[in-house]
Amino acid sequence: MKEIELITERDQIMSVAARWKKHFYTRHHGSGTYLWGHVFGNKSSEEIYNRLVALDKTTATAEDVDAIIGTTGEVSFFCHICETVKTTYIQFADSEDDHDSIEICCDCIQKAAKIAKGPHD
Ligand SMILES: [Zn+2]
């Protein structure tokens, strides 16, 4: 069963460092040790992580995060239903398997709710 949760832009900023680490600090297939992967321009993924950790996430903006990473989109959300970039969305997440989550923007949820509410036969 999945939990239904509202994810705001602030939530995404608050979780950005942890999500970054999860994505780039991964177990090496051969040795089994954890290593930082990928290098972005002249910054390493570890350096970016350390800067994300140091960021005051209660006041930081999406632009602050983008400036550290060097690309946009880490704290925005692309809705695959309406194919639009949004800042807030609804997440249907399985607490036991975080790969198995579904994200839909609030506008699409409202549209779906309207259809579900009816009238229909
Ligand atoms: Zn949408």
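The largest nonpolar core of this predicted model has 10 residues, namely Ile13, Val16, Ala17, Trp20, Ile48, Tyr49, Leu52, Val65, Ile68 and Val75. A nonpolar core here is a set of buried Ala, Val, Leu, Ile, Met, Phe, Trp, Tyr and Cys residues joined through C-beta atoms within 7 Å. A residue is buried if 20 or more other C-beta atoms lie within 10 Å of its own, exposed if 12 or fewer do, and partly exposed in between, with C-beta atoms placed from the backbone. Two or more residues of this core come from each of helix 2 (16-24), helix 3 (45-54) and helix 4 (62-69); helices (H or I, at least four residues) and strands (E, at least two) are DSSP runs, numbered from the N terminus. In soluble globular proteins, nonpolar side chains tend to be buried together.

Residues are numbered from 1 along each chain as its sequence is written. Because the model is predicted, local features need pLDDT of at least 70 and side-chain atom pairs count only at pLDDT 80 or more, while totals for chains, interfaces and linings use all residues.

| Helix 2 | Val16, Ala17 and Trp20 | within 95° |

Taken as a whole, the chain contains 5 helices and 9 strands, which run β-α-α-β-β-β-β-α-α-β-β-β-β-α from the N terminus on. Its radius of gyration, taken over C-alpha atoms, is 17 Å, whereas a compact globule of 121 residues would have a value near 14 Å; the globule rule is 2.2 Å times the number of residues to the power 0.38. The C-alpha atoms fill a box of roughly 60 × 35 × 25 Å along the principal axes, and 12% of the 121 residues count as buried. Among contacts between residues at least 6 apart in sequence, 45% join residues at least 24 apart.

Strand 1 (residues 3-7) has 5 residues, of which the number buried is 0, so this strand lies largely in the open. Strand 1 pairs with strand 8 (residues 89-94) in the antiparallel sense over 5 bridges, pairing being assigned if DSSP finds at least two bridges between two strands.

Two backbone details deserve a separate note. Most residues other than glycine have a negative phi, and most peptide bonds are trans. Glu83, in the loop between strand 6 (77-79) and strand 7 (84-86), has a positive phi near 55° and counts as exposed, with 7 C-beta neighbours inside 10 Å. Gly118 and Pro119 are joined by a cis peptide bond with omega of about 15°, and Pro119 lies in the segment after helix 5 (106-117).

Conventions: Two residues are in contact if their C-beta atoms, placed from the backbone, lie within 7 Å. The arc is that of the directions from the helix axis to the C-beta atoms.
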